[in-house]
Amino acid sequence: MEKFLLKNIENPNSADIAEYIKTGGYKALSKALELKPSDIIDEVKRSGLRGRGGAGFPTGMKWAFAAADSKKPKFILCNADEGEPGTFKDRPILEKNPHLLIEGMIISGYALQAEYGYIYLRGEYPEAKDILEDAIKQAHDKGYLGDDVLGKGIRFYLHVHQGAGAYICGEETALIESLEGRRGQPRIKPPFPVNEGFLSKPTVVNNVETLANIPYIMEIGAEAYSKLGSPDCPGPKLYSVSGHVKMPGVYELPMGTTLREIIYTHCGGIRDGKKLKAVIPGGISTPILPPEKIDCPMDFVSMPKHGSMLGSGAVIVFDETVDLVKVCLRAMKFFEHESCGKCTPCREGVGWLRAIIERIYNGSGTEKDIDLLLEVSKNITGKTFCPLGDGAAGVVQGFIKDFRHEFEQHISKQVKAAA
Amino acid sequence: MLNERVVIEINRIKSKYHDAQSSLLPALYVVQREYGWLSPDAVAAVGDVLNVPRTTVKGVATFYSMFRHKPMGRHLIQLCTNVACMIMGAERLVDILKTRYGLEPNSTTDDGRFSLVVMECIGACATAPAMLVDTDFYDNLTEERIADILENYK
Amino acid sequence: MITVTINGKKIQLEKPVTILKAASMAGIKIPTLCHHEALESYGGCRLCLVEIEKMPRLQTSCTQYVADGMVVWTETERVVEARKAMLEFLLINHPLDCPYCDKAGECELQDLVVKYGPSTGRFAEGKRTHPESYDDPIIVRNMDRCILCARCVRMCDKVQCASDISITNRSSKSFVEPFSGGRYNCEYCGNCLTVCPVGAIMSRMHKHAYRPWLIEKEVDTVCSFCGVGCSVVLQVRGNSIVRAVPKTGKGLNKGLLCNRGRFGYDYVSSPVRLDSPLIRRDGKLQRATWSEAFIYIAGELKRIKETYGGSSIAGIASGRCTNEDNYVFQKFMRVVLGSNNIDSAAGFAYAPAQKFFERIFGQGVTANSIHGISNSDGILVIGGDPTSVNPVLGLQIRSAHQKNIPVVTIGYMPGLKRFATNRLIPSPFAETALLAALVSELKSKRRLSDEKAAFARDINTIIENIPPVSLNEAGDVCRISPSDINNTVDAISNMTNPSIIIGRDILQRSEGHTNLLLLAALIYLLNGRIYLLSELPNEQGLVDMGCLPDMLPGVRPLAVDSFRRRYDEFFGVEVASEPGMSIVEMIDGANSNKIKALYVMCEDIVFNIPNSRYVKEALSKSELLVVQDIFMTETAQLADVVLPSLSWAEKEGSYTNLERRMQMLKKAVDGKGMEDWQAIAEISRMLGFDMNYRSPKDVMAEIARVSPLHKDIAYDDIVGDGFMWPYKGEPLRHGMSIEGIDIPDAKSLLKISDNDKIYAGMENPLFYSENLSRNSSALSSISPEPYARIGKALATKLSIIDGDYVNISADAGSIELSARVDSDLPENIVLIPNNFGDKGIFNVMNWKINPVIKSFVLDCTEVVIKKIKSAAEEVLA
Ligand SMILES: Cc1cc2nc3c(=O)[nH]c(=O)nc-3n(C[C@H](O)[C@H](O)[C@H](O)COP(=O)(O)O)c2cc1C
Ligand code: SF4
Ligand code: SF4
Ligand code: SF4
Ligand code: SF4
Ligand code: FES
């Protein structure tokens with residue numbers, strides 16, 4: 001498949017506006033500005049584009065909600081928090097193809113009649129900050145941003161806002177709180193951001209990759225776009241693959257490519273001739289899968305049918321040497337560290353899960369601890385304020401479902417040692 | 001408390017936003033870059049400049065794990081230890097920093113040269129393990145490579 | 001109409017509310033921890049989960065709104081399991097120290113654990129621990145017990161708007177703390193304590209002395225500190241008050257209190273309360289019996305009245321006393337002693353301001369609901385910081401700000417700093433020019449009403465005759481940029497029915513009367529609602545009961561024959577038609593030997609009036625000084641006879657707040673003194689005039705007959721949230737003549753204060769309330785040291801930093817104080833509070849009278865400041 005999102009990234013000057021324009025950049029913007037804002041929204045709706053941030057929400061619909069709200073001003077926020085461990089798919093866009101994102105944001109700003117856009121960039125990407133700010137300046141100088149975009153009498157201003165190390169700020173309402181200079185704790189929904197978001201004004205939050213798809217839709221048209229990828233989830237998808245494959249990296253593939261294809265066709269299979277033991281398909285918040293399940297297509301609709309989720313499309317591959325209890329423990333430490341602390345089950349329960357896994361890993365667990373893990377995670381599931389806590393519980397359940405024996409081995413090793 | 005340059009910079013940032021508190025995170029970054037950490041006095045002073053209650057600023061500053069609340073060494077090593085880096089050997093690197101520099105996570109070397117903070121995922125999983133030294137990014141780390149890199153930071 | 005079914009019960013609702021609310025309307029209780037009715041929903045604790053048919057997930061009822069046709073179950077097996085799980089999670093980090101915890105018995109967590117069954121204790125790892133913190137004088141923290149419901153933080157942030165505590169860190173390391181991590185250093189309203197569901201933050205005042213089940217009675221009464229009149233419940237054990245708490249939803253304060261109302265009650269049990277009458281013998285006050293004291297007083301009053309006439313006697317009533325006390329007091333003065341020399345601290349500013357506005361706009365113009373403030377479309381504050389004078393009223397302004405209502409403040413008001421949309425701080429005492437400029441500008445922006453009513457004609461005339469003052473002229477005098485003034489003009493000219501909140505500072509000026517006139521013009525031009533800040537709990541009652549030199553009960557002018565005649569007929573005496581002396585005239589009168597006897601009921605005039613030395617000298621010239629009080633005040637120390645009174649918690653009666661709401665005091669404990677009205681009635685009887693009252697109720701019955709304003713009021717009418725203006729009475733609806741009101745000339749509008757001089761000014765801190773706070777160990781522990789507040793520029797000039805010691809001297813005297821440097825204060829003023837006996841402002845303030853207002857002014861004292869010791873030296877020493 002021809003690359004669009006990662007077009008040109010091998011070019012060392014890909015972040016430069018001249019290079020971008022040379023390869024057709026900002027044409028989509030010109031095209032879009034010929035349309036009525038509502039026509040752009042319709043086009044995006046018809047394209048079938050779903051948000052790439054993890055939840056897969058139809059982007060056109062989200063835009064339409066915000067456009068329908070009469071409050072002013074409106075805001076478009078780009079979610080560049082990319083905090084889900086294993087995920088680094090937005091990074092090449094941010095660092096190598098920033099103008100694609102900027103172009104997408106200008107189009108979305110015009111479609112929503114929003115004059116202000118902010119890119120909420122995770123603090124862990126300091127280089128991306130400089131690159132984006134340079135790119136914004138270039139775009140400004142060329143008249144793509146500012147008081148009079150392309151002489152069309154439209155205003156659009158774009159700023160980069162750096163996060164400071166909080167995974168939860170990837171959640172859209174926590175992101176907004178954070179942008180407002182508060183503790184990044186999620187808000188009660190409703191009201192949804194499309195009605196009361198940043199500064200209580202209508203706000204669209206979209207993932208980097210989502211926004212980067214917008215120029216593509218403008219370029220090839222909704223019709224053509226909707227035929228790419230899976231029928232329910234069209235378009236190209238960035239998969240970030242890490243762990244024990246021969247060629248880890250970010251791959252732009254049609255949405256719905258199977259895990260098997262990703263691992264074996266594109267990434268060259270497991271390295272060092274080892275055997276595949278497990279795959280986390282969509283970032284560590286998504287349940288881990290055993291090798292038998294890698295034939296499922298990686299899209300928002302198919303993955304849940306196979307007991308996991310597409311999430312951010314971050315594939316972490318484990319070979320036979322990996323101790324999955326240790327992986328599970330590390331994941332739980334992550335969730336414990338990243339819990340925002342607002343709600344009881346996540347704040348207190350996830351730490352408890354970590355404590356139980358830790359004692360199993362350290363060899364002082366008992367048979368009953370596995371059931372306790374299941375019970376505690378069941379007590380968390382469905383009761384948390386936001387999906388973070390639920391995710392943590394789901395991860396534990398996922399590990400035990402297919403890899404219970406690894407936990408049992410840790411426990412029985414200890415029992416043997418004692419005997 | 002804050003030097004004039006910092007105050008000017010904060011006020012410049014303020015103008016990018018519709019309300020003052022939205023500039024709080026960037027303002028804290030400015031201060032941290034200047035002084036290396038956010039002392040209680042600095043936190044209070046940021047509050048005063050932005051007209052945000054100082055306790056609110058403290059609540060915000062302590063929420064985010066990249067703000068430092070004690071003085072740091074001259075160079076800050078932020079080493080990822082999350083799953084992808086872990087399975088690629090990040091733990092060994094932590095051990096090396098300990099044996100070679102006496103550097104434990106969340107501490108500073110006696111000579112004030114390095115501080116170490118272990119990180120959640122820094123988005124370098126394909127080239128794990130990875131770290132940031134100050135704002136410089138390094139990946140594909142090995143025992144030798146990390147030693148060579150750190151030699152450049154005095 | 002929305003119909004929902006909760007636990008099988010059908011509920012009809014007009015508009016969507018949360019499931020929690022709907023359930024509670026139907027009498028179904030859903031357990032909660034993070035929800036509190038004074039706060040917005042949070043959804044953090046997850047205790048209130050319920051099952052909703054057709055929804056796969058349990059939902060939190062505090063955040064989920066009902067929809068038509070919704071079917072909800074609140075206690076299904078699934079729900080109960082979930083609640084148990086949440087409680088188990090909470091107990092992971094909660095100590096099991098209920099037997100030691102003061103909260104046990106009223107702890108919401110304990111109650112829920114009892115209801116849903118104890119946790120099975122499956123958590124094997126160690127708990128998070130934090131040592132108990134005693135860093136603060138008033139608040140004790142046991143953060144082990146904190147369940148992170150964030151109620152306290154939300155209360156402090158969103159309701160008190162002090163934002164003095166926050167959750168810091170995140171995850172299970174989240175921690176509630178003030179900025180310092182130790183001492184609070186906040187407004188100490190204690191509203192965070194009210195909402196904490198567990199024993200994590202509590203008052204230190206009743207530490208281990210308080211157990212909910214030991215409370216023997218709860219007394220619903222009204223706070224004794226200021227003119228807001230908050231409802232407060234006194235919890236009593238034996239003969240002592242163990243705690244003062246607000247009742248959520250009750251009273252105009254709706255569950256809030258300020259630090260004085262919550263923590264200040266301990267003055268009642270102060271060890272230095274007066275407990276026996278005292279008579280001066282051999283130059284010393286010595287214990288005496290009640291009858292000895294009464295005989296002495298009656299004898300002396302008789303002698304003085306016969307020798308010099310009734311007008312040689314003066315009486316000072318009290319805004320801390322009840323309406324009944326004050327009514328009896330004025331009757332005693334007028335009817336028994338034949339004197340109109342009756343005044344009180346209300347005469348300093350509150351009464352003159354009200355009198356002036358009522359003269360122009362009609363009686364009752366200041367009787368406005370405090371809740372109206374946060375519902376108006378703009379707020380203008382001048383003459384005092386409401387958040388320290390009337391704290392709970394001040395919260396209305398902060399809450400208005402949160403609703404984006406424009407707030408304009410004029411003057412130094414630290415408590416509103418973050419809440420003002422336009423904030424003007426004129427140079428000292430230069431408000432007159434600013435007000436004049438605002439009037440001039442508005443005059444051109446607003447068409448004067450062509451209303452035919454007489455008062456409209458009058459005020460139109462006044463407004464037209466006020467000399468114009470330009471923005472530049474005002475800017476020069478006030479040292480404010482004209483564009484800032486202009487922005488303020490824009491802000492206020494968009495208001496259609498603003499609340500105009502006026503503090504006493506604006507009157508206590510040489511041009512105080514001019515300020516009043518300008519304010520009246522502004523109020524008229526803006527169609528404003530007036531609120532007068534009031535420092536005393538019954539300041540309005542003083543006015544309404546006729547404790548003014550020129551007003552009879554019901555605020556009927558003495559000068560009007562028909563009113564006087566009615567009064568005369570009632571009592572069978574003839575009251576003189578000339579007004580009596582105001583409080584400052586009495587002091588001048590004593591000094592010039594015109595006043596021979598002074599009867600002071602619960603007012604510390606030496607302490608509360610400028611130039612303490614002068615006041616003392618004047619008082620010591622009188623032949624008789626009688627003082628009733630609960631403490632040995634500076635004034636009582638000079639008295640010939642001292643009678644111990646009862647404190648507010650030891651008696652009954654009514655107070656009238658600044659909204660003119662009448663509310664009841666209820667007796668909570670026994671005291672050793674006598675009710676003020678009763679002591680006066682005893683003396684009256686000895687003087688041959690029997691006052692046949694058995695209780696305050698009898699007094700109120702008489703008030704209802706004498707005062708047209710209180711017509712037909714029955715003591716028992718005053719229940720619950722009080723009895724609102726205009727009662728059933730007859731207010732004087734029309735403005736009175738404006739004859740005699742002088743229109744200021746341009747010169748008096750533009751008086752420039754000398755930039756090289758430094759003036760003394762008075763600060764009214766939140767934690768101070770005259771003798772009551774001085775005798776409350778809780779309140780005095782918050783800010784125990786006398787201080788002077790100095791502007792940053794001046795401090796820099798004199799190289800003074802925070803904590804340095806300075807000498808402040810003036811003609812009247814000099815004092816040494818520690819400095820507090822403040823960047824918002826203009827350069828040429830130093831503010832000193834009046835809470836520290838010989839270190840208070842009135843030791844340096846000059847004695848100067850505004851002859852129109854007939855009270856002292858505070859813009860008359862030039863001072864010299866010298867640094868004497870640096871803070872560092874002090875530490876070493
Ligand atoms: C705990 C949590 C973390 C999230 N992190 C991210 C993130 O890092 N980046 C992102 O784009 N979306 C993230 N999301 C999803 C956002 O809430 C939101 O759905 C998304 O930004 C919407 O954009 P989209 O419609 O373009 O996908 C996260 C959600 C949760 C619950
Ligand atoms: S589940 Fe609760 S505690 Fe966890 S991140 Fe979400 S809101 Fe915060
Ligand atoms: S006492 Fe009042 S001001 Fe102080 S922390 Fe509590 S709520 Fe805030
Ligand atoms: S201190 Fe009390 S009110 Fe505050 S968060 Fe903790 S438990 Fe809740
Ligand atoms: S505002 Fe006034 S009445 Fe209310 S608690 Fe405070 S001092 Fe008492
Ligand atoms: S009361 Fe509803 S979540 Fe706490």
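This briefing covers ligand shells, cysteines, selected residues and the build of chain B in a predicted model. Ligand 1 sits among 18 residues, ligand 2 among 13. The disulfide count over all chains is zero. Chain B is divided into two domains, domain 1 (4-63) and domain 2 (75-151).

**Ligand 1**

- The 18 residues around ligand 1 include A:Gly53, A:Asn79, A:Asn206, A:Asn207 and A:Thr210, which come nearest.
- The side chain of A:Asn207 places an N or O atom 2.7 Å from an oxygen atom of ligand 1.
- A:Asn206 also contributes through its side chain, with a polar atom 2.9 Å from a ligand 1 oxygen.
- A:Glu172 uses its backbone: an N or O atom there lies 3.0 Å from an oxygen atom of ligand 1.
- On its own, ligand 1 has 610 Å² of accessible area, and the protein covers 90% of that.
- Two elements of chain A give two or more residues to this shell: β4 (203-207) and α16 (387-418).
- β4(A) supplies the largest share, three residues.
- By class, the shell has eight polar, six charged and four nonpolar residues.

**Ligand 2**

- Cysteines feature among the nearest residues: A:Cys340, A:Cys343, A:Cys346 and A:Cys386, together with A:Gly389, come nearest of the 13 around ligand 2.
- The shell around ligand 2 divides into eight nonpolar, four polar and one charged residue.
- A:Cys386 lies in the loop between α15 (367-380) and α16 of chain A.
- A:Cys386 has a relative accessibility of 13%, so this cysteine counts as buried.
- How far apart are the C-alpha atoms of A:Cys386 and A:Gly53? They are separated by 15 Å, although the two residues are 333 apart along the chain.

**Ligand 5**

- The shell around ligand 5 comes from chain C and includes C:Cys223, C:Cys226, C:Cys230 and C:Cys258.
- Other members of this shell include C:Phe225, C:Leu257, C:Arg260 and C:Pro391.
- α6 (259-263) and α11 (391-402) of chain C each supply at least two residues.
- By class, the ligand 5 shell has nine nonpolar, two polar and one charged residues.

**Cysteines without disulfides**

- A disulfide is a covalent bond between the sulfur atoms of two cysteines.
- How many disulfides does the model hold over all chains? The count is zero.
- A:Cys296 is buried, at 1% relative accessible area.
- B:Cys85 has its closest cysteine sulfur in B:Cys80, at 3.6 Å. That is still too far for a bond, because the pair must lie within 2.5 Å.
- B:Cys85 is buried too, with a relative accessible area of 3%.

**Chain B**

- Domain 1 of chain B spans 4-63 and domain 2 spans 75-151.
- The C-alpha centres of domain 1 and domain 2 of chain B lie 29 Å apart.
- Chain B has seven helices and five strands.
- Along the sequence, the pattern of chain B reads α-α-α-α-β-α-α-β-β-β-β-α.
- Taken along the principal axes, the C-alpha atoms of chain B fill a box of roughly 50 × 35 × 25 Å.
- Chain B has 154 residues, and 60% of them count as buried.

**Two loop residues**

- A:Thr87 lies in the loop between β1 (75-80) and α5 (90-96) of chain A.
- Is A:Thr87 buried or exposed? A:Thr87 counts as buried, because its relative accessibility is 2%.
- A polar atom of the A:Thr87 side chain lies 2.6 Å from the backbone oxygen of A:Glu84.
- The A:Thr87 side chain also makes a polar contact with the side chain of A:Ser312, at 2.8 Å.
- C:Asn239 lies in the loop between β11 (231-237) and β12 (240-245) of chain C.
- C:Asn239 is partly exposed, at 44% relative accessible area.
- C:Asn239 and C:Ser269 are 30 residues apart in sequence, with 9.5 Å between their C-alpha atoms.

Methods:
Residues are numbered from 1 along each chain as its sequence is written. Chains are lettered from A and ligands numbered from 1 in the order in which they are written. This is a predicted model: local features need pLDDT of at least 70, side-chain atom pairs count only at pLDDT 80 or more; totals for chains, interfaces and linings use all residues. Side-chain values use heavy atoms; hydrogens and water are left out. A residue is near a molecule or strand if one of its heavy atoms lies within 4 Å of it. Ala, Val, Leu, Ile, Met, Phe, Trp, Tyr, Cys and Pro count as nonpolar, Asp, Glu, Lys and Arg as charged, and the others, Gly among them, as polar. Buried means under 20% relative accessible area, exposed over 50%, partly exposed in between (1.4 Å probe, protein chains only). A polar contact is a pair of N or O atoms within 3.5 Å; within protein, one must be able to donate a hydrogen and the other to accept it, and residues adjacent in sequence count only if both atoms are side-chain atoms. Accessible areas come from the Shrake-Rupley method with a 1.4 Å probe; for residues, only the protein chains shown count as cover. Helices (H or I, at least four residues) and strands (E, at least two) are DSSP runs, numbered from the N terminus. Domain bounds come from an automatic or database domain assignment.
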